[in-house]
Amino acid sequence: MQKYINKKLDNNKPEGFPKKIGGVMVYNPIWLAPLAGITFSSIRSFYKAMGVGLVHTEMISAVGLYRGGRKTKELLNGKEDEHPVALQLFASNSEDIVRGAEIALNIRKFDAIEVNMACPMPKVTKRGSGSKLLENPYEAANIIKKLKPFGLPVWSKIRIMPKKSNITTCDFCENLFTAGADYIFVHGRTAAEKYGGIASRNDVQEVALRFPGLIGGSGDCYTAENIIEYFDKGCSTVLAARGILRDAFLIPKTLKLLGCDVPTQFMDPDMDMQTELLLELGHSIYNTEGESSALMISRRMLAALFKGFPGVVQLRRRGALVRTWLEMEDLLINWKDILLQPEVQFTKERFPRGIVGEFE
Ligand SMILES: Cc1cc2nc3c(=O)[nH]c(=O)nc-3n(C[C@H](O)[C@H](O)[C@H](O)COP(=O)(O)O)c2cc1C
């Protein structure tokens, strides 16, 4: 199974690398974003092998960690091969975050601690965490200051400020840097925009030009060109987020544009390679995180992997119907038979509620 992924893309470096960014030594500036429910251990290892320069945990509740939540602690799990890895925590105040960080760092080694000041979801903001901290610059800075004694680089991920805000994005960053922040990622959407609309690269550029070398960009990175645009705007790193699920080869394609020596099969992968890779990833998730995670990720990736191939709708629909990893494996192994079958007319009645909509 380790047929493709052992190409060691993870040591592939553009000119000027390896170098330290935000206090961490990295091989390249394309990093895996934190994605709740997605960037668990197997996904991090997979994309590390596909070439990302650094991976993030998903956001982890500091309060959940010190209240002893087993599920929360499991989010810290990871393999040795995924370093460098940034631990992302969320909390509304410095006391909680320090207690959470103490527990996390006793469990395993991380290369940086990052504070989530970007999540716009009500279950996070209603307790004063995530993007709610953008409205509380004093506590945001205090959190950074109190994390410094752990001795790791301290990072933050924020969103751009709305135009009517009484503090600009640049001033908010200045406040965090003064408190000791070593690096800041800026997502070019306001909290109110959540994940809709188009991320403003110009707003990210303004901050990147004000703090050279200290800003990473995020927002709408679906193609290699989208990612490169952030470098052109002055960012020193870019976070690949939803784009990695639409194109598993997004990272090698971007590394190639940055001048890395990427094997040609990664630039124009055939269907055998695509299915083998998805099987490899699915197996790993099944063995580590369990069946439901393996099915969730492989369904999402199946929808994207075969884009443009004839018969793909059929394959995706079958993917939506499978109920076990064994069935999914069977589908991925026998994709040729399915694609060559005459189109079966599926009706909504044949699908359990909610499944058709997931892919259409
Ligand atoms: C499903 C999902 C989960 C996310 N989870 C996190 C998270 O845990 N922490 C965080 O800082 N950002 C999180 N984000 C935001 C992404 O890291 C990224 O900033 C955002 O998706 C914009 O990039 P994109 O438009 O290229 O996807 C999440 C986004 C999505 C879609």
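1. A salt bridge here means a side-chain nitrogen of Lys or Arg within 4 Å of a carboxyl oxygen of Asp or Glu. Arginine 189 and aspartate 220 meet that, with their closest N and O atoms 2.5 Å apart. Keep in mind that this is a predicted model. The two partners come from distant parts of the chain, 31 residues apart: arginine 189 sits in the loop between strand 9 (183-187) and helix 8, and aspartate 220 in the loop between strand 10 (215-218) and helix 9 (224-232). Arginine 189 has a relative accessible area of 1%, so that end is buried. Aspartate 220 comes out at 13%, and therefore counts as buried too.

2. How many salt bridges does the structure hold? The count is 13. One of them joins arginine 108 to glutamate 82, with 3.0 Å between the closest N and O atoms. This is another link between distant parts of the chain, 26 residues apart, and both ends are in loops: arginine 108 between helix 4 (94-107) and strand 7 (112-117), glutamate 82 between helix 3 (70-74) and strand 6 (85-90). Arginine 108 and glutamate 82 are both buried. Shared partners also bring in Arg44, giving one network of Arg44, Glu82 and Arg108.

3. Have a look at arginine 210 and aspartate 171 as well, which form a salt bridge with closest N and O atoms 3.9 Å apart. With a cut-off of 4 Å, that pair still qualifies. Here the link runs from helix to helix: arginine 210 belongs to helix 8 (residues 201-210) and aspartate 171 to helix 7 (residues 169-179), 39 residues apart in the chain. Are these two side chains buried or partly exposed? Arginine 210 has a relative accessible area of 39%, so it is partly exposed. Aspartate 171, at 38%, is partly exposed as well.

4. On to the cysteines. Searching the whole structure turns up zero disulfides. For cysteine 173, the nearest cysteine sulfur belongs to cysteine 170 and is 6.6 Å away, and cysteine 173 is in no disulfide. Its relative accessible area is 0%, so cysteine 173 is buried. Cysteine 221 is buried, at 4% relative accessibility.

5. The aromatic side chains give ten pairs. In one of these, the ring centres of tryptophan 155 and tyrosine 183 are 5.9 Å apart and the planes meet at 55°, so the pair is tilted.

6. Last, two charges over rings. Lysine 19 lies over the face of phenylalanine 17, at 4.9 Å from the ring centre. Arginine 159 has its charged end over the ring of tyrosine 195, and the distance to the ring centre is 5.0 Å.

Note on methods. Residues are numbered from 1 along each chain as its sequence is written. This is a predicted model: local features need pLDDT of at least 70, side-chain atom pairs count only at pLDDT 80 or more; totals for chains, interfaces and linings use all residues. Side-chain values use heavy atoms; hydrogens and water are left out. Helices (H or I, at least four residues) and strands (E, at least two) are DSSP runs, numbered from the N terminus. Buried means under 20% relative accessible area, exposed over 50%, partly exposed in between (1.4 Å probe, protein chains only). A disulfide is a pair of cysteine sulfur atoms within 2.5 Å. Rings of Phe, Tyr and Trp (its six-membered ring) pair if their centres lie within 6.5 Å; planes under 30 degrees apart count as stacked, over 60 as edge-to-face and the rest as tilted. A charge sits over a ring if NZ of Lys or CZ of Arg is within 6 Å of the ring centre and within 35 degrees of the ring normal.
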